[in-house]
Structure formats: structure tokens, C-alpha cells
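Q: Hi! Could you walk me through this structure?
A: Happy to, let's take a look together.

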Amino acid sequence: MSSENPPPEYGETWVYESIVKALPGIDIPTWAALAIQLVVFEVAVVAMAWYYDVWNAAIAATAVIFVATIGSIELLRISTLIRRIDVPPTYSALLFSSNMEVVLSVLAYIAMLTHLFVFDPQVAETPLVTTLFGPEPPVLVVYLTLLILWDVCYRIGTGWWASITGLWRSLRFRFDHETARVFQRADLETWGFGVLQLVLVPFVLDQPVLLASLLAHVAAVTVVTAVSVTLLQVRSREPDATRS
């Protein structure tokens, strides 16, 4: 295991990390970037809720902001763990440089928008958008809401990709005990973020499609992570369990 690694190069990171590091003339610590993300979104939500009197939407938005912020923390924790060790180049490239997490995030976001603005209005007596924002949703409130939803969808998509590539890594390679423990911890961080998303359940109890999707997502991440962690545990016990 290497004790110190150089900072990751642009393009060898998740998109979230690349954006933060690519801003010209701006170099702020990670904790400050996370604090800014949390404060800016929450202040904007409270201000618009007060101005437009949409406090129902504000409560739900606060929960989503909380999940997205924790997601940012988890993404950084996972990437830090993985970069601490000597990982197979194919796994690192697949995880960080493929941008597949963006593809998964876009798919999740489009599915969310389709449900909110097409499917739900067709089947619900009172659509969720109307419940949250009233019959004439304020433009700025909807804009902010869609931005926050993208924020959390990106974290969810990245969590999917981290769990999928983690399972592929555990199937494809064998590691020594120390390396396997680091990967197990990274996998459990991914699982923890998935389980954290259950805090959104109270806000979708009246939305069977969203509720089923959320529960299925958490269950899938749980199963994939469990298989990956088990493979790491079993295969690292083998006498010749070195990285191949």
C-alpha cells in the first residue's frame, strides 16, 4: 500500500471532483466546498419558501439537500480510500474516467422528470407538483427544485456506478488482506449512502412508483455490496490471494 499519492489528475476523477478542481483561480478546502453547497441551497430554499409560501416544498427540499450533501461527503471518502492503495488500472479507469456515473445520473433524472410532469399528472387526482407548489408553480421555485433534484440524482447515479464497479472488481481480481479491507470499507461507504436515502421515504409514501423505485434502489445496492464484500472476504483468505 502506498502511503502518499499525488493529487488526481483532471479526467481521472468523478465529474463532481473535476468541476470543483477545475474552477480557475479558486482553491478551497473540501469542507468549505461542502459547507457552501449546503448553505447556498438551504438559504435559497428557505428564502423562496418564505417569499412564495411553499413550505411543504421546503421541507422536502431540505431532506433532499441533506442527502445530496452527505452524498458529496461519501463520494470524497470513497475516492480517498481507493486512491490510498495500489488499485488495478482498469478498475480505476472504469470507476473514475469512464463518466458512466453521469450516464446513470441522466437516466435517473429523466425518469424523475417524466414521472413528475407526465406520468403523475395522468394518474393522480392531485399531482405531486401541485401538492408541493400549488396550481401555479413559481418559476424560480421550480428551477431551484429541478437543480436540487439533479444534484441528488447525480450522487445516486455515482453510488450505482461505485457499487457496480465494486462488484466487477471483486469478481475480477484477488487482493491481499490489507487491500481487501480497504475495498470493503469503500463498498460499505457506498452501501451506507444508499441506505441513507431511506430518509426520503416519508416524502414519497403517497407516490407508489417513487416509493417502489427508492426501495428497489436501496435493496439493489445492498445486494450488490453484500456480494462484493463477501467475495473480497472469501477470496482474500486464499493462500495465494495476491492481485492478479
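This is a predicted model: local features need pLDDT of at least 70, side-chain atom pairs count only at pLDDT 80 or more; totals for chains, interfaces and linings use all residues.

Q: What does Asp151 pair with in a salt bridge?
A: With Arg155. Their side chains meet with an N to O distance of 2.5 Å.

Q: Is Arg155 buried or exposed?
A: Arg155 is buried, because its relative accessible area is 3%.

Q: And how far apart are Arg155 and Asp151 in helix H7?
A: They are four residues apart in that helix, which means about one helical turn separates them.

Q: OK, zooming out. How many helices and strands are there in the protein?
A: There are nine helices and zero strands. Following the sequence, the pattern reads α-α-α-α-α-α-α-α-α.

Q: How much of the protein is buried?
A: Of its 244 residues, 43% count as buried.

Q: What share of the contacts comes from residues 24 or more positions apart?
A: Taking contacts with a separation of 6 or more, 81% are between residues 24 or more positions apart.

Q: Back to salt bridges. How many does a search of the whole structure find?
A: Three. One of them joins Arg77 and Glu189, whose closest N and O atoms are 2.6 Å apart. That pair links distant parts of the chain, with Arg77 in helix H3 (residues 55-83) and Glu189 in helix H8 (residues 177-196), 112 residues apart.

Q: Are Arg77 and Glu189 buried or partly exposed?
A: One of each. Arg77 counts as partly exposed because its relative accessibility is 38%, while Glu189 is buried at a relative accessible area of 12%.

Q: Which residue does Asp187 bridge to?
A: Asp187 forms a salt bridge with Arg169, and the closest N and O atoms are 2.6 Å apart. Asp187 sits in helix H8 and Arg169 in helix H7, so this pair ties together parts 18 residues apart in sequence. Both partners are buried: Asp187 has 6% relative accessibility, and Arg169 has 0%.

Q: New topic: which residues form the nonpolar patch on the surface?
A: Val46, Trp50, Tyr51, Tyr52, Trp55 and Leu140. Together they have about 690 Å² of accessible area.

Q: Where does the largest share of the patch come from?
A: From H2, which supplies four residues.

Q: And where is Leu140 found?
A: Leu140 is in helix H7 (residues 139-172). Its relative accessible area is 46%, so Leu140 is partly exposed.

Q: Since we mentioned H2, where does Val39 lie?
A: Val39 lies in helix H2, which covers residues 30-52. With 47% relative accessibility, Val39 counts as partly exposed. The C-alpha atom of Val39 is 9.6 Å from that of Ile65, a residue 26 positions away along the chain.

Q: Last stop, helix H4. Which residues are buried there?
A: In H4 (residues 89-97), Tyr91, Leu95 and Phe96 are buried.

Q: Why do the buried residues of H4 line one face of the helix?
A: Looking down the axis of H4, they fall within an arc of 100 degrees, so they line one face.

Q: What comes just after H4?
A: Asn99, which takes a positive phi of about 65 degrees.

Methods
Residues are numbered from 1 along each chain as its sequence is written. Side-chain values use heavy atoms; hydrogens and water are left out. Helices (H or I, at least four residues) and strands (E, at least two) are DSSP runs, numbered from the N terminus. Buried means under 20% relative accessible area, exposed over 50%, partly exposed in between (1.4 Å probe, protein chains only). Contact means heavy atoms within 4.5 Å. Patches are made of residues with over 30% relative accessible area and no salt bridge: like charges are joined within 9 Å, nonpolar side chains (Val, Leu, Ile, Met, Phe, Trp, Tyr) within 5 Å. Accessible areas come from the Shrake-Rupley method with a 1.4 Å probe; for residues, only the protein chains shown count as cover. A salt bridge is a side-chain nitrogen of Lys or Arg within 4 Å of a carboxyl oxygen of Asp or Glu. The arc is that of the directions from the helix axis to the C-beta atoms.
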